[in-house]
Amino acid sequence: MSGRLKETYLANEPDNAIAPELYSKYHVKQGLRNENGTGVKVGLTRICDVIGYEMVNNHKRPIDGELIYRGYSLNDLVKLEKSTNKIQGYETAAFLLIFGNLPTPSELAEFQFVLKHNFSNSLVFENYRTKNLLNAMQIEVLKLFGQDLNPETDSLEDRMMKGLCILSSLPLFVFSVYSKKKISSYPLPHGGFAENVLWMARDHQPYSKQEARVLDVLMMVHADHGGGNNSTFADVVISSTGTDIYSCISAAIGSLKGPKHGGAAGKVGSQTQMLLKTLNSESTDEEMNELCEKILRKEAGDGSGLIYGIGHAIYTRSDPRCQLIKEEVRILAQEKGEEATFDLMERFEKAACRTMKKVKGNTVCANVDYYSGFAYHLLGIDQALYTPLFAISRCAGWIAHHLENRQSNRKLIRPANIYVGQRRTIDFDAVKKAQEQALQPSDWRVIL
């Protein structure tokens, strides 16, 4: 790119900036957030509900967090999964989100068969030029459009099957590229979806039942989080245009890549490694509080001033996803002799919440990412796979919200902006004079 163009852009940067105070002046809700921090209501859904507070006299009052899939508490769904000897919680949750009801045994068996056989081999690569797996996933999902004989069909049942093809294909693509070994089919025909994912993510290493259960619960809690999270909202906005499901899922993946959304899982992974190097079982509460304050002052961590995995836009008292993962990780840590590390993580969680209250006056809790990073660490999964695994899991929710939008919310989503730039006029005489002066004799030959 031209260095001069870069300099020109920087010189004009003030003309592109919007002063923060203008948002309140024009009553614009930046980030689609109300002044009390709640999200602006932009749609209706029957798929998922996220509960973290109740409104009392227009003020948020924190309550224990709850995540609802199609009317069922996620806690109950995980409890249901643990009551069986099979690792199939993710498939059950995905079926529930997409179809609207819990599956019968025969429906679940058919759904599991489709998830493991409805893939496209065209997405299998041993090498890939794009280094970031999320970008590669976006590209390959869009390529599926070109291979579909009827990519623009608008029937809900066809869109659903296309979505399942995407969900079925993504794990084979991700782990083929990551391992640089072509994986042309699911390796465990009798294993659950999470078991197959774990087997591929760890290059065919044996796993314990608790390891498989931890990943199954991780995938269940990541399967959906309402229609207001950024990637699902991106999916719904694009779905409202009537375009194909491949475009919608690809856009959602692009949103999830961002460090303020799904990319946070990788940030937590790096933070976890830093904690394990900086603290130990002998560290005092005061030392932990001090480290938290240093992170907030940008003197420790990655210099961002953020304690990753702490705080959430909706959950304040507790994040139910975090609690579910935490309990499964506690069991796995005991199995692997990592109790001391788990205790350290738990103590730092409490220190971080205390420090946030002290320094910023905010009541916060650990979010889903905090123990997810530690869970992946215990499972021996590379940090490069954290966000791709999130994308694979969330694909079920994206499919469900895409179908709901195409069925019920037929209006194009088109919010409005307020123009706050200057009004300008063109001095045509000055432009003409400048053009004449710029025409040098050496340029005549070119013109003639």
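Visitor: Is Cys395 buried or exposed, and what is its relative accessible area?
Guide: Please keep in mind that this is a predicted model. A residue counts as buried when its relative accessible area is under 20%. Cys395 falls under that cut-off, so it is buried, with a relative accessible area of 0%.

Visitor: How many disulfides does a search of the whole structure find?
Guide: Let's take Cys322 as another example, which is buried at 0% relative accessibility. Its closest cysteine sulfur, in Cys365, is 7.0 Å away, so the two are too far apart for a bond. For the whole structure, the number of disulfides found is zero.

Visitor: In what order do the three strands of the open sheet come?
Guide: Strand 1 (48–56) and strand 3 (72–73) each have a single partner strand, so they stand at the edges, and one side of each is left without a neighbour in the sheet. Strand 2 pairs with strand 1 over eight bridges, and two bridges join strand 2 to strand 3. The pairing is antiparallel, and the order is 1-2-3.

Visitor: Which residue of strand 2 stands opposite Cys48?
Guide: Strand 2 covers residues 59–69 and runs antiparallel to strand 1. Ile51 has Glu66 of strand 2 opposite it. For Cys48, the residue opposite is Tyr69.

Visitor: Which residue takes a positive phi in the hairpin of strand 2 and strand 3?
Guide: Let's start with the hairpin of strand 1 and strand 2, where two residues lie between the strands and Asn57 takes a positive phi near 50°. The hairpin of strand 2 and strand 3 also has two residues between its strands, and the residue with a positive phi near 50° is Arg70.

Visitor: How far apart in sequence are the parts that Lys336 and Glu211 tie together?
Guide: Side chains of opposite charge can pair when their charged atoms come close. The side chains of Lys336 and Glu211 do meet in a salt bridge, at 2.8 Å from N to O. Lys336 lies in the loop between helix 15 (320–335) and helix 16 (339–360), while Glu211 lies in helix 10, so the separation in sequence is 125 residues.

Visitor: Which helix holds Asp285, the salt bridge partner of Arg347?
Guide: The closest N and O atoms of Arg347 and Asp285 are 2.9 Å apart. Arg347 lies in helix 16, so the pair ties together parts that are 62 residues apart in sequence, and Asp285 is in helix 14.

Visitor: How many salt bridges does the count come to?
Guide: Another of these pairs is Asp148 with Lys162, at 2.6 Å from N to O. There is also a network of salt bridges that links Lys326, Glu327, Arg330, Glu346 and Glu349. The count of salt bridges comes to 22.

How values were computed. Residues numbered from 1 in each chain as written. Predicted model: local features only at pLDDT ≥ 70, side-chain atom pairs only at ≥ 80, totals over all residues. Heavy atoms only, no water. Pairing = 2+ DSSP bridges. Helix = DSSP H or I, 4+ residues; strand = E, 2+ residues; numbered from the N terminus. Disulfide = S-S within 2.5 Å. Buried < 20%, exposed > 50% of the residue type's maximum accessible area, 1.4 Å probe, protein only. Salt bridge = Lys/Arg side-chain N within 4 Å of Asp/Glu carboxyl O.
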